[in-house]
Amino acid sequence: MTASIVKFYQTGTHTVGNRLLDPSQRSVQADMRRTNSLNSGHRACQGCGEALGARYAIDAAMMATDNQLIAANATGCLEVFSTPYPETSWQIPWIHSLFGNTAAVATGIAAALRVKGRQDVRVVAQGGDGGTTDIGFGCLSGMFERNDDVLYICYDNEAYMNTGVQRSSATPGAARTATTPAVGTEPGNVFGQGKNLPLIAMAHEIPYVATAIVSELRDLEAKVKRAMEIRGARYIHVFVPCPLGWGTNSWDTIRIARLAKETGIFPVIEAEHGELTGVSKIRRQLPVEDYLKPQKRFAHLFAPVLNTAAIDRIQALADRNIRRFGLIDATTGMGD
Amino acid sequence: MEKPFAITLDVGSSLANKTGSWRTYRPVYVDRLPPCNHACPAGENIQGWLFHAESGDYEQAWRALVQDNPMPAVMGRVCYHPCESSCNRGNLDQSVGINAVERFLGDQAIRLGWSFDPPASDSGKQVLVVGAGPSGLSAAYHLARLGHRVTIHEAGPMAGGMMRFGIPKYRLPRAVLEAEIQRILDLGVTLRLNTKVANIEETMREGQFDAAFLAVGAHIAKRAYIPAGEAAHLLDAMQVLRGMEGEEQPLLGRRVVVYGGGNTALDVARTAKRLGATDSIIVYRRTREKMPAHDFEVEEALQEGILIKWLSTIKNMSDEGTLTVEKMALDEKGFPQPTGEVETLEADSLVLALGQDVDLSLLNDVPGLEIRDGVVQVGENMMTGRPGIFAGGDMVPSERTVTVAIGHGKKAARHIDAWLRGVVHEPAPKHDLATPERLNTWYYDDAPKQVQPTLDLIRRQSTFDEVVGGLDEGNALFEARRCLSCGNCFECDNCYGVCPDNAIVKLGPGLRFAVNYDYCKGCGICNAECPCGAIVMVPEAI
Ligand SMILES: Cc1cc2nc3c(=O)[nH]c(=O)nc-3n(C[C@H](O)[C@H](O)[C@H](O)COP(=O)(O)OP(=O)(O)OC[C@H]3O[C@@H](n4cnc5c(N)ncnc54)[C@H](O)[C@@H]3O)c2cc1C
Ligand SMILES: Cc1ncc(C[n+]2csc(CCOP(=O)(O)OP(=O)(O)O)c2C)c(N)n1
Ligand code: SF4
Ligand code: SF4
Ligand SMILES: [Mg+2]
């Protein structure tokens with residue numbers, strides 16, 4: 001894990017800040033002078049994980065670049081809820097691309113800055129999972145392959161939320177969406193489809209790839225900071241629960257993210273030039289049911305009949321993640 | 001201004017969009033009552049003083065502590081710490097070592113000579129305190145700080161009550177006790193030693209006192225009828241323990257038997273061991289589980305080689321010191337019943353530790369008093385049936401601990417103060433309890449409770465040196481920081497960080513946070529992720 005463990009006995013490093021910590025050891029979000037890149041008044045749903053993840057990431061990027069940052073943004077919730085004409089919630093230079101070309105737009109901005117000799121100004125591209133793994137995939141792969149000097153951040157809420165919760169290639173097996181209804185013998189999204197973009201990004205052998213989660217703020221910030229220390233193509237994939245699309249309580253957004261990590265559903269990892277360099281260990285392992293149950297998109301797995309086969313399949317995927325990335329310490333059986 | 005192609009409106013900020021109107025529940029910051037505070041008989045704000053200790057500001061912590069209890073170095077040694085038994089951290093790993101930190105602060109204050117803030121005003125009122133035990137001293141302290149003129153009449157030659165004539169030195173070194181008593185007297189409290197109050201009405205009249213607080217404790221040893229030969233060496237626990245404070249130590253011999261099952265029995269048996277007894281045996285008629293003594297004290301006594309005969313009663317004692325002991329058995333209701341089976345035990349002395357009664361003679365002919373079960377009845381305000389005379393500690397219905405006595409002294413002082421001013425003291429309403437399910441314990445890391453050092457066994461069996469040592473600054477700070485801050489914001493910045501709408505305003509160090517209701521959508525993440533349960537979601541009136 002990139003975030004260093006601060007030996008602090010009252011709360012460890014798990015809180016956002018703490019009055020007793022040296023300011024340098026607190027998170028960017030604990031700082032009274034944080035940018036609030038995505039300001040109040042935006043129209044995201046109550047408890048939106050994407051709004052939270054975006055502010056976490058962009059505030060950290062602003063801090064890391066001394067506020068010399070431009071963002072390109074794909075169509076999707078993040079863009080729609082932040083910029084209904086003529087209002088904007090963005091407190092940074094920000095441009096809306098199309099749904100599918102934000103990697104290309106960011107590449108263009110980076111090229112222009114190079115021509116102007118403004119290498120101090122850094123470029124971020126951001127979009128949802130649909131804009132990234134589906135329609136924007138070609139532009140993104142090109143940006144990786146050319147090693148363009150852009151940090152691409154994908155906010156993964158596992159479906160097309162802005163247009164009403166349609167399936168994307170990041171939607172997990174069994175999840176109910178508007179286009180994968182919970183009917184038939186194998187209700188919800190089909191197992192065995194979709195793609196794993198962090199692994200695809202690693203296969204491009206770009207300088208930096210990481211996954212992050214809104215429940216691990218310090219880790220997320222450390223990864224953005226690390227990405228900003230590097231030139232060339234970088235990719236961060238942030239897991240952001242969506243109360244509306246997932247059917248979860250607005251107050252459970254961070255808890256759901258935490259459960260995704262503690263069950264092994266979402267591995268929190270880091271890689272440089274295609275090699276895995278770090279994983280954030282599971283602290284207290286939990287069964288996948290704990291993650292699935294609070295979400296209405298998986299409700300059909302529990303009622304009217306318990307779908308053990310599907311749950312076992314999801315558990316097997318989580319177990320595979322744990323084995324593949326070493327999410328549990330072999331010696332202690334525990335994480336950090 | 002000329003606008004670019006296809007642009008007709010000026011750029012606006014989303015701040016124009018007051019998303020607060022979406023809200024159906026609003027987060028509100030609260031302070032909840034931590035279970036430790038709730039359990040403390042002296043009413044200490046434990047979480048509050050630990051908060052300062054966590055920052056390493058020990059003087060501030062001590063000052064917060066002595067708002068309620070003037071004797072932390074004593075308390076940190078003799079209190080049975082019900083706070084720790086109810087500490088929420090006990091559900092995670094182990095309870096916070098509150099008592100050990102309290103002792104550290106008390107010792108630090110003595111070492112560095114911290115003194116109390118002098119009274120801010122002088123009311124001109126005279127208050128009599130009878131008895132310089134913990135309850136009387138506590139009342140004197142609080143009354144003096146409230147600006148009253150306090151005189152303590154104490155029957156004995158030294159102040160401290162049972163803290164001096166009961167609790168042995170190996171648990172409470174006298175230098176510690178004296179330092180904390182002196183600090184109270186330094187507030188301007190007058191102490192008259194060797195001044196037994198024989199008639200309270202008379203003493204009040206003569207001294208022109210406006211009010212009195214009685215705290216004479218319970219000093220008359222209870223006797224059990226045990227047929228004993230003329231020459232048999234039969235004593236009571238009070239004689240023995242009081243004797244330890246005199247010039248000559250009591251002579252108990254090499255084989256000492258103590259009869260009783262309370263803390264006093266243990267203190268006597270352990271004292272006898274230290275005075276050179278080879279055999280120090282406690283005889284108790286019930287089982288270990290039923291013993292009123294605390295388990296840790298039984299444990300310490302056993303370590304020191306004290307023997308305990310459970311389920312046994314003493315039938316008689318011969319001139320030569322032979323005790324006849326009968327075995328008991330518990331009946332279905334858990335009461336000990338005689339079995340007829342007897343054995344003998346040789347003893348140079350037998351010490352009875354069967355509890356104490358209150359000497360109420362000073363209250364003869366006071367009208368309006370109610371005495372029940374040998375103790376004086378008092379109201380919620382600690383006042384007896386005689387207006388202006390208040391009472392507390394062991395002489396009123398209570399658990400009979402130093403901590404309860406100190407709590408009574410504080411409570412009585414507040415009511416006396418109100419009574420003298422002709423008003424009624426209304427205690428501040430209690431906050432809702434910070435129950436464990438209010439906490440989000442994900443945010444707390446495991447951290448082991450710090451262990452206090454103990455004296456080696458040889459010295460525990462032969463000297464009166466203090467058995468349990470204190471924490472040093474390093475582990476006291478560690479221990480303080482184990483506190484979860486139940487129900488009270490400790491400025492972890494979680495709410496400020498986790499709000500997707502930037503609707504939490506950070507007010508700066510020490511100032512906590514506020515909600516910007518213009519933008520708060522009421523998602524409730526702040527409440528869900530607050531580690532210590534300092535937020536509540538309140539329905540909006542829609
Ligand atoms: C051996 C022993 C060990 C104990 N250990 C502990 C312990 O570890 N922890 C704990 O919390 N509690 C302990 N206790 C209980 C605790 O000591 C008492 O509950 C507490 O001291 C009661 O305080 P008090 O102020 O009511 O009375 P006391 O402490 O008894 O003080 C009463 C004072 O009033 C004086 N007095 C009496 N009559 C008069 C009069 N007529 N005029 C003037 N003065 C008078 C007495 O001389 C005495 O100084 C112990 C008790 C004993 C006996
Ligand atoms: C070319 C094109 N096709 C379709 C759309 C409609 N559209 C807008 S946002 C969106 C889905 C966005 O999903 P995702 O990228 O996952 O972002 P989210 O809203 O979930 O954050 C779609 C289909 C569009 N804007 N442009
Ligand atoms: S639909 Fe989901 S991603 Fe979109 S604003 Fe609502 S919570 Fe956020
Ligand atoms: S954790 Fe702290 S505030 Fe909570 S009960 Fe224990 S000592 Fe009191
Ligand atoms: Mg999406």
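Is B:Ile542 buried or exposed in this predicted model? B:Ile542 is exposed, with a relative accessible area of 85%. Exposed here means over 50% relative accessible area, buried means under 20%, and partly exposed lies in between (1.4 Å probe, protein chains only). B:Ile542 sits in the segment after strand 22 (535-539) of chain B. Helices (H or I, at least four residues) and strands (E, at least two) are DSSP runs, numbered from the N terminus. The C-alpha atoms of B:Ile542 and B:Phe116 are 51 Å apart, while 426 residues separate the two along the chain.

Residues are numbered from 1 along each chain as its sequence is written, and chains are lettered from A and ligands numbered from 1 in the order in which they are written. Because the model is predicted, local features need pLDDT of at least 70 and side-chain atom pairs count only at pLDDT 80 or more, whereas totals for chains, interfaces and linings use all residues; side-chain values use heavy atoms, with hydrogens and water left out.Chain B has 18 helices and 22 strands. Its C-alpha trace spans about 120 × 55 × 50 Å along the principal axes. Of the 542 residues in chain B, 54% are buried. The accessible surface of the chain comes to about 23,100 Å². Carbon and sulfur atoms hold 51% of that surface. These areas come from the Shrake-Rupley method with a 1.4 Å probe; for residues, only the protein chains shown count as cover.

Contact means heavy atoms within 4.5 Å. Among contacts in chain B between residues at least 6 apart in sequence, 71% join residues at least 24 apart. The chain carries 54 positive and 70 negative side chains. Lys and Arg count as positive and Asp and Glu as negative; His and the chain ends are not counted. The centres of the two sets lie 2 Å apart. Each charge is placed at NZ of Lys, CZ of Arg, CG of Asp or CD of Glu.

Two ligands were examined through their shells. A residue is near a molecule if one of its heavy atoms lies within 4 Å of it. The shell of ligand 4 includes B:Pro34, B:Pro35, B:Cys36, B:Cys87, B:Cys483 and B:Cys486. B:Gln47 and B:Asn88 also belong to this shell. Helix 1 (35-39) and helix 2 (46-54) of chain B each supply at least two of its residues. By class, the shell around ligand 4 has 10 nonpolar, two polar and no charged residues. Ala, Val, Leu, Ile, Met, Phe, Trp, Tyr, Cys and Pro count as nonpolar, Asp, Glu, Lys and Arg as charged, and the others, Gly among them, as polar.

Ligand 3 is surrounded by residues of chain A, among them A:Cys45, A:Cys48, A:Cys77, A:Asn157 and A:Cys242. Helix 2 (77-82) and helix 8 (243-246) of chain A give two or more residues each to this shell. The shell around ligand 3 divides into nine nonpolar, one polar and no charged residues.

B:Cys83 belongs to helix 5 (residues 82-85). B:Cys83 is buried, at a relative accessible area of 8%. Not counting residues up to four places away in sequence, B:Cys83 touches B:Cys36, B:Ala39, B:Ile46 and B:Ile98.

B:Arg171 lies in the loop between helix 8 (162-165) and helix 9 (174-185) of chain B. B:Arg171 counts as buried, at 11% relative accessibility. Neighbours within four places in sequence aside, its contacts include B:Arg77, B:Asp267, B:Arg270, B:Glu297 and B:Glu466. B:Ala16, by contrast, is exposed, with a relative accessible area of 59%. B:Ala16 is in the loop between strand 1 (12-13) and strand 2 (25-29). The C-alpha atoms of B:Ala16 and B:Ala277 are 85 Å apart, and the two residues are 261 apart in sequence.

Backbone angles come last. Most residues other than glycine have a negative phi, and most peptide bonds are trans. B:Leu311 is not a glycine, yet has a positive phi of about 50°. B:Leu311 lies in the loop between strand 11 (307-309) and strand 12 (312-317) of chain B. B:Arg512 likewise has a positive phi, of about 65°. B:Arg512 is in the loop between strand 20 (504-506) and strand 21 (513-515), and is partly exposed at 29% relative accessible area.

In chain A, the peptide bond from A:Tyr85 to A:Pro86 is cis, with omega near 5°. A:Pro86 is in the loop between helix 2 and strand 2 (87-88) of that chain. The bond from A:Ala303 to A:Pro304 is also cis, with omega near 0°. A:Pro304 lies in the loop between helix 10 (288-292) and helix 11 (308-325) of chain A.
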